[in-house]
Amino acid sequence: MNKRLALLLIVLMTLTSVSAAPVYDKGSQLLSFKFGTTVPTFTYFFSDNNFVVGPGQGNTGAKVGGYGAISYQVFNTDKTAVGGEIGYNFNYSAANILFTAVPFYAKYSYFPVQGSWDIPLSVGIGGTYIKYNDAALMTLYTNLEVGVTWYPGTNWGFGLNTGLWLIPEFNYKDDLKQDNAIGGFMPITLSITYRQ
Amino acid sequence: MTKKKITLSLILFSIFTLFFTSCNADASLGLYRQISQSIAPVGIKYKQILGIDGTKLYFSTLKGIEVRDKSTGTNTVLISNTHKDIIQAAHFNTTDTIAYIKNRLPSTNNVYLLNNTVPKTPTDPALTSVKLLNFYPNGLAMIQGINDSKRQFSLVQYDNNAVIATFPDLDGYSLESVIQMTGHDTKAVSIAKPIIVGFVDQSGKYKYYFVDPAVTQLSTTTNIASLKLEDLRIANFYKNNTALLLLTTDGRLFYGNDEDETSFTQLVNASKTYDVNAFAYGVDDGTKVHLITKSKSKIDPIYVLTVDTATPTSASGKSIRAGYAGNLDSVEIVSAYEKALNQLLVATADNGMFSITIEPTKANEDSSDNGSSSGSEQYVF
């Protein structure tokens, strides 16, 4: 146990030391490609106060799916960047029917640690098109994300990212209002980033 | 700068308004609700319930023809589908046990038998150039041929070639559908168990014949001047002593007194889509008829259309998710078998078979009082 703690401290100290000298400045750019999986985390139905958690039948009803995206960000200070991301997500339901989401959103990232290792903390807000069976709508999208990116050289980096997406469903047809809900998904993605 | 900010604000406001007003217009149920209610396939893919013989239930599945033993609760495959020979339709009776056709139609007119290596070849002696078109769970075969130089269709009994009904003088028409009332697919055609046979020409005009087994061509006139039955596809129907209800694939419900009706009355347009031969089981509670339907959408709940037969000018519709419909929300119903009045076996494509019991006077109530349902594959017969 003590060895593990020591190792963690060494890693943190290394990262902190790396972060001591910012490598980005205003105008630096990041282009990332992401691919990975999404875990249906929860669905909350407002009308009946029903909160279902986890993938699979009897829970959210959705299975673990996949996600791919491309994002672009420009630094507006030496520690923060703004940009956007567009992606494609899919999950099959327990009945093996396809659910798709196409999120596109503006993204704001803070890089407290940067250098050979980047640890970006991001928040995103935008929209997404979602579709399942005979239901489809454009709706809001927001997310929180944290990642770790390793740059073995100057420009190319390899990362691991996770976070939480929130996708609400607001229906305006009277007989569908009782189904208004918010869904949560947890992405776990690998990324390849080019920076300059 | 201020102008730019105003423009940006307007754009953002428009985008957010778009998101909040984007309508899930065509959905039968909310998107997340549909996903949360989805049910995993149980591993058996039913196609048709064929019949009950004491303690044995015969049915067709993706594997072939199977029989369920009531005492052991096990299924046995009687005839397997193979890559080249897939059973297209079958019929059960106590003599031949199983009669069936394969997917090699129309190259062969054979009806094969489980207990006999010599197949039957249904025909109508009045016809030449006979072609077997289809075979039905009640043992009838639809054949097409030439009579007096004109195209004719005949419904014949597969084992003795008894001609049940003929549809002569149909040059330019092809078979559209043979519709059997839900729950009665396996029953012989009679006044109590009629069928409707549809034909369509190349311009998309339909001709419908009511068969009980006397043949009556249905009127094409409706109470809406611009709407003709010849332009609509009938999905299913229900007939009792007081009403003939026709459900169309685009969700319209029509009423007529009987098959001699000269003008059918549109009772409602339910804005749902049905397959031909969709599940539409009629329940008569003495004053009202409840047509219990399942639309084409797998995740659409059971929808009951209720008609007061004393004043058949409109129909009400209601989605039912409780009681007898409790397990039929997220399933594709492929076949139903009436065990007794208002008691059905309901087979699904992916979610197993259920037995349901319907309380007639509460058939359109969305509560557990409306009847009951077994669990998947826990059906009783």
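Two strands pair if DSSP finds at least two bridges between them. In this predicted model, strands E5 and E6 of chain B form a hairpin. Three residues lie between the two strands.

E5(B) covers residues 87-93. Six bridges join E5(B) to E6(B), and the two run antiparallel. Within this pairing, B:Ala89 stands opposite B:Ile101 of E6(B). E6(B) also pairs with strand E7 of chain B, residues 112-113. That pairing is antiparallel too and spans two bridges. Here B:Tyr100 has B:Tyr112 of E7(B) as its bridge partner.

Is E6(B) enclosed or open? The strand spans residues 97-102, and six of its six residues are buried. A residue is buried if 20 or more other C-beta atoms lie within 10 Å of its own. E6(B) is therefore largely enclosed by the rest of the structure.

Chain B also touches chain A. The contact takes 33 residues from chain A and 27 residues from chain B. On the side of chain B that touches chain A, helix H1 (2-21) and helix H2 (31-36) of chain B each supply at least two residues. H2(B) gives the most to this side, with six residues. By residue class, the side of chain B that touches chain A divides into 14 nonpolar, eleven polar and two charged residues.

Conventions
Residues numbered from 1 in each chain as written. Chains lettered and ligands numbered in written order. Predicted model: local features only at pLDDT ≥ 70, side-chain atom pairs only at ≥ 80, totals over all residues. Contact = placed C-beta atoms within 7 Å. Helix = DSSP H or I, 4+ residues; strand = E, 2+ residues; numbered from the N terminus. Nonpolar A, V, L, I, M, F, W, Y, C, P; charged D, E, K, R; others polar. Buried ≥ 20, exposed ≤ 12 C-beta atoms within 10 Å, placed from the backbone.
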